[in-house]
Amino acid sequence: MPAKREHWASRIGFILAAAGSAVGLGNLWKFPYITWHNNGGAFVLVYLACVAAIGLPVMMAEILLGRRTQMSPVPAFEKLGNRGWGLVGFLGVLTGFVILGYYSVIAGWSIKSFIECVGWSINGYQQPADTAFGKFLSDGPLQLLLAFIFLFGTALIVWRGVSKGIEQAAKFLMPILLLILGYLVVRVMFLPGIGQTFHFLFRPNFSELPAAGVLEALGHAFFTLSLGMGVMITYGSYMHKRESIARGAGFVVFLDTLIALLACVIMYTIIFSVPGVAESVSGSTVGMLFVTLPRLFYTELSGGVLIGPLFYVLVAFAALTSTISVLEVIVSFFIDKLGFKRSTSTVIGTAAVAVCTFLSALSLGAVGFLSGFEIFAGKSGVLSTLDHIAANYLLPVGGLLTTLFVGWFVSRKISADELGMLDESGDPTFSFKLWLFFIRFIAPMAILAVIIAVILGKDFS
Ligand code: PHE
């Protein structure tokens, strides 16, 4: 075990790193897609309720586990619980392999879109053939190359450690990400589709919300806030005692939600501004981000030559700060539990992830038997299967167990003390009681509803 635990070098370190973990492909790729398919308005409102009533309390619970124990998930659960509870932490490590295995492949596509956009910006736009994206997906060597570039970049940062690697990267990447996002939002404000976008996003019409949308909103809240697999436990363990957990969690949840909504504003406004496109947005999850948008940047927007490449820098940076956090869960497990050095842990962790990544990257058409099998209806191939398992089973189950553990097994005194929610006479404050109510009752019941829905056949991936 290392002599002294690493810590964030500054207060903003935790916030930027945790926000970096939360803000990712979930915000830019998944949220705009599922909001579109759930008809906006009412879905957005339900999603906001899930984030506030479940996401925020659960995030506080995870951070408090890490900060209290100053340990990564497995030993954290063991210390405040017992060896059995340690398995929940271990589930998180396994989930990390699953998520990183496919996430790095999709993240790799942002590199391809960036390079393609730079080419168009310099040489002029050339409409790709309708089959181009399909061909790209089934190009095995290219998929492997892009995914491994991404994984390698992630590993380099994690190798450098908490403050010198993860924190420095977040301090560099997050401000650029916010600047690009800000620029894009200002840019689309002047497009004709902006009114329709606001109407779509913020005028709830509950008759248009599919019933399953409620559960989909909750499942997505877990994914997008990086909850249920120990990221926030791990990042919380590098947090100094003097910092406020509630404030940190509140800020991360706020920023993640804001960015998801702004991503919708940017993407929908461009789509609504071009007559006829809204009706034909590709039905596939990847369609909007990687097929519809690049074309519109160049054919419909003045300044598209700048916006195109910038947009994919945004996607790549957002994905990178997320992959870093997933790898860190795996690496910190090797360090804390097996006593390995950070460098050794990073190499072993990355090599193990690379196996999953290898299989995912070749499962988009390149290798028949990796692409064709179907364990879950409609999810063919390794990549879709891993995404399905993570979003539908692993994160909700991990989240439920974490919630039950903190709510019912960790003593109120420890929780209230760690959250800084004791009054002068040492009694828990009202905010603490409110938080505990959500952690004990509201969150577990809602998560259980998701799990039951999944068992009955609903899909959140
Ligand atoms: N929150 C990340 C996103 O929205 C994904 C993620 C899930 C990262 C779980 C870490 C853990 O893209």
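Me: Where is asparagine 39 found in this model?
Reply: Heads up, this is a predicted model, where local features need pLDDT of at least 70, side-chain atom pairs count only at pLDDT 80 or more, and totals for chains, interfaces and linings use all residues. Residues are numbered from 1 along each chain as its sequence is written, and side-chain values use heavy atoms, with hydrogens and water left out. Helices here are DSSP runs of H or I with at least four residues, strands are E runs of at least two, and both are numbered from the N terminus. Asparagine 39 belongs to the loop between helix H2 (25-37) and helix H3 (41-69).

Me: Is asparagine 39 buried, partly exposed or exposed?
Reply: Buried means under 20% relative accessible area, exposed means over 50%, and partly exposed is in between (1.4 Å probe, protein chains only). Asparagine 39 has 32% relative accessibility, so the label is partly exposed.

Me: What is the phi of asparagine 39?
Reply: Most residues other than glycine have a negative phi. Asparagine 39 isn't a glycine, yet its phi is positive, near 65°.

Me: Which loop holds glutamine 70, and what is its phi?
Reply: Glutamine 70 lies in the loop between H3 and helix H4 (73-80). Glutamine 70 is not a glycine either, and its phi is positive, at about 55°.

Me: How many helices and strands does the protein have?
Reply: The loops above sit between helices H2 and H3 and between H3 and H4. For the whole protein, the count is 20 helices and two strands.

Me: What is the radius of gyration of the protein, and why does it agree with a compact globule?
Reply: The radius is taken over C-alpha atoms, and the globule rule is 2.2 Å times the number of residues to the power 0.38. With 461 residues, that rule gives a radius near 23 Å, so the protein agrees with a compact globule at 21 Å.

Me: What share of the contacts joins residues at least 24 apart?
Reply: A contact means heavy atoms within 4.5 Å. Take the contacts between residues at least 6 apart in sequence: the share joining residues at least 24 apart is 81%.

Me: Which residues does glutamate 328 touch?
Reply: Glutamate 328 lies in helix H15 (residues 304-338), and with a relative accessible area of 0% it is buried. Leave out residues up to four places away in sequence, and glutamate 328 touches Val158, Val162, Ile166, Thr234, Tyr235, Tyr238 and Arg342.

Me: What about valine 329: which residues are in contact with it?
Reply: Valine 329 lies in helix H15, and at 1% relative accessibility it counts as buried. The C-alpha atoms of valine 329 and valine 44 are 285 residues apart along the chain and separated by 30 Å. Leaving aside neighbours within four places in sequence, the contacts of valine 329 are Gly92, Val93, Met229, Gly230, Val231 and Thr234.

Me: Which residues are in contact with phenylalanine 317?
Reply: Phenylalanine 317 is found in helix H15, and its 18% relative accessibility makes it buried. With neighbours up to four places away in sequence set aside, its contacts are Leu173, Ile176 and Leu177.

Me: How far apart in space are valine 88 and proline 204?
Reply: Valine 88 sits in helix H5 (residues 83-123) and is buried, with a relative accessible area of 10%. Beyond residues up to four places away in sequence, valine 88 touches Phe77, Gly398, Leu401 and Thr402. Proline 204 is 116 residues from valine 88 in sequence, and C-alpha to C-alpha the two are apart by 38 Å.

Me: How many disulfides are there?
Reply: A disulfide is a pair of cysteine sulfur atoms within 2.5 Å. By this rule the count is zero.

Me: Which cysteine has the sulfur nearest to that of cysteine 117?
Reply: Cysteine 117 is in no disulfide, and at 1% relative accessibility it is buried. The nearest cysteine sulfur is 20 Å away, in cysteine 264.
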